[in-house]
Amino acid sequence: MIGRRTFNKAVGLGTGAFAATRSPNPTVPVVTSGTHAGFGTLKHVKAGVLDVSYAEAGPAHGPVVICLHGWPYDIHSFVDVAPLLAGLGYRVIVPYLRGHGGTRFLSRNTPRTAEQSAVALDIVALMDALKIDKAVLAGFDWGSRTADIIAALWPERVKALVSTGGYLITDRKAQLEPAAPAVEHNWWYQWYFATERGKKAMEDVAERLALCRYVWTLVSPNWSFDEATYQRTAEAFKNPDYAAVVLFNYRWRIGLVEGEHRYDRYEKRLAAQPPVHVPTVTLDPALDPFTPPGDGSAYRDHFTGPYLHRTLADVGHNVPQEAPGAFAQAVVDADRLTLAGTATERAARATAH
């Protein structure tokens, strides 16, 4: 479990938790994946249509970082990242997305949908409930998409962004067209979920857990996780709404189901593939089958603000858990981009006057 003593040991804290953030070039300490096994006591807050379960680490008044997991993962993807950032003075919030872990719908009458804008609005509602005006958002997979959407539609809520895999806002129209055979092959489970067989597999807990574990091995070929690591995360897949949420998300993306009308106005804006203006660091894990070839140029034009890109060698899809130091450093550097941009703006205003 993560506690104050663990933080101090992991990051070598001496005086005050904010000391490292005052440095102009803070460097994240080296940590091995799997150093931490879990979080402390989780918290809950009613936010929007959900009762959100989340982990929190770091000083209550520190600059906020919200870490967002993907599928098939949970908050344990950030179990080593959170203490690193907390040790540097950040307040780290790691929520279970809808349908995962201890997060529950407040009403049994709420449709168990998972449009991309619905998941993003869950996080905006979480920020409102916790009285967080602005945060650094950092994610991968569904988490990257969710963070990208918030940065694009509500940039005033995002201080900086870390987006693994680049620009992931779904273009449903483009999804209707065939992709290259290798790309289609990588998305095998998306097509599987479109079938009745796939639906039955997801609705059976044992089949579901076996499928998700298999996905881990495919998308992170160099990550030698043990069974205990998988089982800690697999508990989150036993949420009673898990199958409905996951199946809806993947079926919705390829046009097999329609979303709720309450989200239509947001999806219309997202269909235009809006740019992201906030300071951004993008990460491409080299062993992730979903990483586009090249140096991020395939999506570079979507990011119009201060920007850094990194390709991570020997790392697969689950970047924060496989390479926690690199992910945490990306958060720190994204935050520094904000500071650099602010300094540039000040200098420009001073010159103008």
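Student: Which residues form one aromatic cluster?
Tutor: This is a predicted model, so local features need pLDDT of at least 70 and side-chain atom pairs pLDDT 80 or more, while totals for chains, interfaces and linings use all residues. Residues are numbered from 1 along each chain as its sequence is written, and side-chain values use heavy atoms, without hydrogens and water. Rings of Phe, Tyr and Trp (its six-membered ring) pair if their centres lie within 6.5 Å; planes under 30 degrees apart are stacked, over 60 edge-to-face, the rest tilted. The cluster consists of W71, W142, W187, W188, Y189, Y192, F193, Y214, Y250 and F290.

Student: How many aromatic pairs are there by this rule?
Tutor: The ring rule is applied to the structure. The count is 27.

Student: Over which ring does the charged end of R300 sit?
Tutor: A charge sits over a ring if NZ of Lys or CZ of Arg is within 6 Å of the ring centre and within 35 degrees of the ring normal. R213 has its charged end over Y230, 5.9 Å from the ring centre. For R300 the distance to the ring centre is 3.9 Å, and the ring belongs to Y307.

Student: Which residues lie nearest the centre of the largest pocket?
Tutor: A pocket is an open set of 1 Å grid points where a 1.4 Å probe fits, with protein on both sides within 12 Å along at least five of seven lines; lining residues have an atom within 4 Å of a point. The largest pocket has 37 of them, and nearest its centre are L168, Q175, V183, W187 and F290.

Student: Which elements give two or more residues to that lining of the largest pocket?
Tutor: Helices (H or I, at least four residues) and strands (E, at least two) are DSSP runs numbered from the N terminus. The lining draws two or more residues from each of α5 (142-153), α6 (172-175), α7 (181-186), α8 (188-193) and α12 (242-253).

Student: Why does R172 count as partly exposed?
Tutor: R172 is found in helix α6. Buried means under 20% relative accessible area, exposed over 50%, partly exposed in between (1.4 Å probe, protein chains only). R172 is partly exposed because its relative accessible area is 24%.

Student: How far apart in space are L68 and S144, C-alpha to C-alpha?
Tutor: L68 lies in strand β3 (residues 64-68). L68 is buried, at 0% relative accessibility. L68 and S144 are 76 residues apart in sequence, and their C-alpha distance is 7.2 Å.

Student: How many disulfides does a search of the whole structure find?
Tutor: C67 is buried, at 0% relative accessibility. C212 is buried too, with a relative accessible area of 0%. For cysteine sulfur pairs within 2.5 Å, the search of the whole structure gives zero.
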